[in-house]
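Please report on the fold below. Cover the helix, the core and the sheets, and state the cut-offs behind each term.

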Amino acid sequence: MDINNDGNIDVLSGSWPGEIFLFEGAKGKKFKAPVMLKNKNNEIINPGGGIEDRSNGGILIRGNADFETTDEGTFVNYHGKRIKNTPEKPISISGTATAVNAVDWDADGDYDLIVGNISGNVYLVPNEGDANKYAFGKEEQLKAGDELLGAKSRAGVCVADIDGDGDLDLLAGGDDGSVSFYENTGSAKKAKLAKAVEIIPPVKSQYGANTPTEPTRGTRSKLCAADWNGDGKLDLLVGDYARLKPDVPEPSDQEKAEHEKIRNELKSVQKRYSELANKMYGSEKEKDPAKIKKMREEMPEVRSKMGELRGKLPKEYETHGWVWLFLQK
Ligand SMILES: [Ca+2]
Ligand SMILES: [Ca+2]
Ligand SMILES: [Ca+2]
Ligand SMILES: [Ca+2]
């Protein structure tokens, strides 16, 4: 899609924190460094994200935020703000896991954004500018039927005219691997989505000894509609998050004994890690600055040791992102 109509294709991406990243196209099929997309009030767009005061007295930030530990304490940097983490107001950080589509939702000639997030909510971010210069307005949550659209969590949205009647419909992939269809029963200029119809069923995740040995459909469906076989009907490509048992020979008895030893060592290192984390950030907070300084030095060593030991153990599973093709009948 060319979001600013300058003849260069641009790329938009949702993210785990939830901000929408624009990779603006430049000449020669190059892309500029990504920037977080802002609305016309100069606010960074992250539907469902932001700062929330929690009932336990703490603060939850859903978005692109980082902890920074200094001698003055721990801070969180978020959208240019610096917030102190205190025992009275502890800060936690999470994300909204957005998936974004740029489509002309109201058929007025410019790209609007349709954004799904981890809560299963789907938002319209209307473009109140024009095809050459976007200016995004306030997001609004879409409805399906007469109620707010509440897809299954991790709404992997895809907007396209699925039924070929001239208006844009919505598809939402779910955390459970399912795909739901929301037919547009309004018009191209004024969309009205019907209630969800599940068109691809959920999958059952298999763990441990049941981890699949062949590629098997996974969870967190992410969608793309395209006419794959050129019959005039849009087909569906579904990306996933799946597990697969690694194709490696059974370890020998000697290897098994060695693995057991490593697992035990790993357990004790993990225990030390929890102790440190608890004393640095958790309920048993250490007050002595000298001790805190020492722990801050030990933490990365312990973390790196855990990584080293894990690397020596055989993997129980590999994660994959398969892509599945569903042809429209
Ligand atoms: Ca462009
Ligand atoms: Ca539009
Ligand atoms: Ca349609
Ligand atoms: Ca087709």
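Helix H2 is hardly covered: its count of buried residues is zero among 24 residues. Buried means that 20 or more other C-beta atoms lie within 10 Å of the residue's own; exposed means 12 or fewer, and partly exposed is in between, with C-beta atoms placed from the backbone. This is a predicted model, in which local features need pLDDT of at least 70, side-chain atom pairs count only at pLDDT 80 or more, and totals for chains, interfaces and linings use all residues. Residues are numbered from 1 along each chain as its sequence is written, while chains are lettered from A and ligands numbered from 1 in the order in which they are written.

Helices (H or I, at least four residues) and strands (E, at least two) are DSSP runs, numbered from the N terminus. H2 covers residues 289-312. Its end C-alpha atoms are 35 Å apart, which agrees with the 34 Å that its 24 residues should span at 1.5 Å a residue. That expected span is 1.5 Å times one less than the number of residues. H2 has a kink of about 25° at Glu298, shortly before the proline Pro300. The bend is the angle between axes fitted to the seven residues ending at a residue and the seven starting there.

Now the core. A nonpolar core is a set of buried Ala, Val, Leu, Ile, Met, Phe, Trp, Tyr and Cys residues joined through C-beta atoms within 7 Å. The largest one has 42 residues, and Leu113, Ile114, Val122 and Val157 touch the most other members. Strands that each supply at least two residues of this core include E12 (99-103), E13 (112-116) and E23 (235-244). E14 gives the most, with four residues. Val122 touches Ile114, Gly116, Leu142, Leu149, Ala151, Ala155, Val157 and Ala172, not counting residues up to four places away in sequence. Contact here means C-beta atoms, placed from the backbone, within 7 Å.

Two open sheets follow. Strands pair if DSSP finds at least two bridges between them.

| E1-E2-E5 | antiparallel | E1 (11-13), E5 (35-36) |

Three bridges join E1 to E2 (residues 21-23). Val11 has Phe23 in E2 as its bridge partner. E9 (residues 73-78) pairs with E10 over four bridges. Phe75 has Lys84 in E10 as its bridge partner.

Technical notes
Two residues are in contact if their C-beta atoms, placed from the backbone, lie within 7 Å.
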